[in-house]
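Keep the viewer open as you read.

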Amino acid sequence: MVFDGWKRRKYIKALEELADTQYEKMYRLAFNYSHSKEDALDIIQESFEKALKAIQKKNFHEIEEFNAWFFRILISVSIDFWRKNKREAEYLDQNEQSWSFLNDSQHSYLEIEEIINQISSPNREIILLKFFEGFTLKEISVILALNENTIKTKLYRSLNELRSKLE
């Protein structure tokens, strides 16, 4: 079935009405996943963007339960957000534990600096940017023009290398 402009406008109107009548419910649901006001608002916004993109697609089909359809999108975006943040939190915890060995180290700051300088260039830069300059992994990926996952891998490996050299 070909979807004409009139039906698309009908669904966009339904989306606007849903925002007016169910916004508090959307917010509570998103907040339960994110535990943050700003993140909950981001989740809702991303859900509306996904819904609008779906409505604009040429192969969009008639929806019987529009509210249920939208809330499935909202829950999906919320779960994706939760999973992403859970992985990032686990990764940060792991890196903090990896970095904490320096605090327990018997080496002086100058010895540690000398050992860091022995690490290969890109890996050394990542350590310096992350732990000495305080940049986030995303910022480091932009600075070094590398994928964020590549930065995570290189950081993990370089911390292990640093730990083995300090032992």
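In which helix do Phe 66 and Trp 69 lie, and how many residues apart are they? They both sit in helix H3, 3 residues apart, or about one turn of the helix. Helices here are DSSP runs (H or I, at least four residues), as strands are (E, at least two), numbered from the N terminus. An α-helix has 3.6 residues a turn, so residues three or four places apart point the same way.

Before going further, a word on the ground rules. This is a predicted model, with residues numbered from 1 along each chain as its sequence is written. Local features need pLDDT of at least 70 and side-chain atom pairs count only at pLDDT 80 or more, while totals for chains, interfaces and linings use all residues; side-chain values use heavy atoms, with hydrogens and water left out. The pLDDT is the predictor's confidence in each residue, from 0 to 100. For this chain its mean is 79, and 80% of the residues reach 70 or more.

Now to the rings. Phe, Tyr and Trp (its six-membered ring) pair if their centres lie within 6.5 Å; planes under 30 degrees apart count as stacked, over 60 as edge-to-face and the rest as tilted. By this rule there are 5 aromatic pairs. Phe 48 and Phe 70 have ring centres 4.8 Å apart and planes at 40°, so that pair is tilted. This one links distant parts of the chain, since Phe 48 is in H2 and Phe 70 in H3, 22 residues apart. Both are buried, where buried means under 20% relative accessible area, exposed over 50% and partly exposed in between (1.4 Å probe, protein chains only). Back at our opening pair, the centres of Phe 66 and Trp 69 are 5.4 Å apart and the planes are at 40°, so this pair is tilted too. Lys 10 lies over the face of Tyr 11, 5.1 Å from the ring centre; the rule asks for NZ of Lys or CZ of Arg within 6 Å of the centre and within 35 degrees of the ring normal.

Zoom out to the nonpolar cores, meaning sets of buried Ala, Val, Leu, Ile, Met, Phe, Trp, Tyr and Cys residues joined through side-chain atoms within 4.5 Å. The largest has 21 residues, and those with the most contacts inside it include Phe 66, Trp 69, Phe 70 and Leu 74. Helices H1 (5-34), H2 and H3 (66-100) each give two or more residues to this core, and the largest share, 8 residues, comes from H3. A second, separate core of 14 residues includes Ile 116, Ile 119, Leu 129 and Leu 155.

Beyond its neighbours within four places in sequence, Leu 74 is in contact (heavy atoms within 4.5 Å) with Met 26, Leu 29, Ile 43, Ile 44 and Ser 47. Ser 47 lies in H2 and is buried, at 0% relative accessible area. Over in H1, Ala 19 is partly exposed at 22%, yet touches Met 26 and Phe 48, not counting residues up to four places away in sequence.
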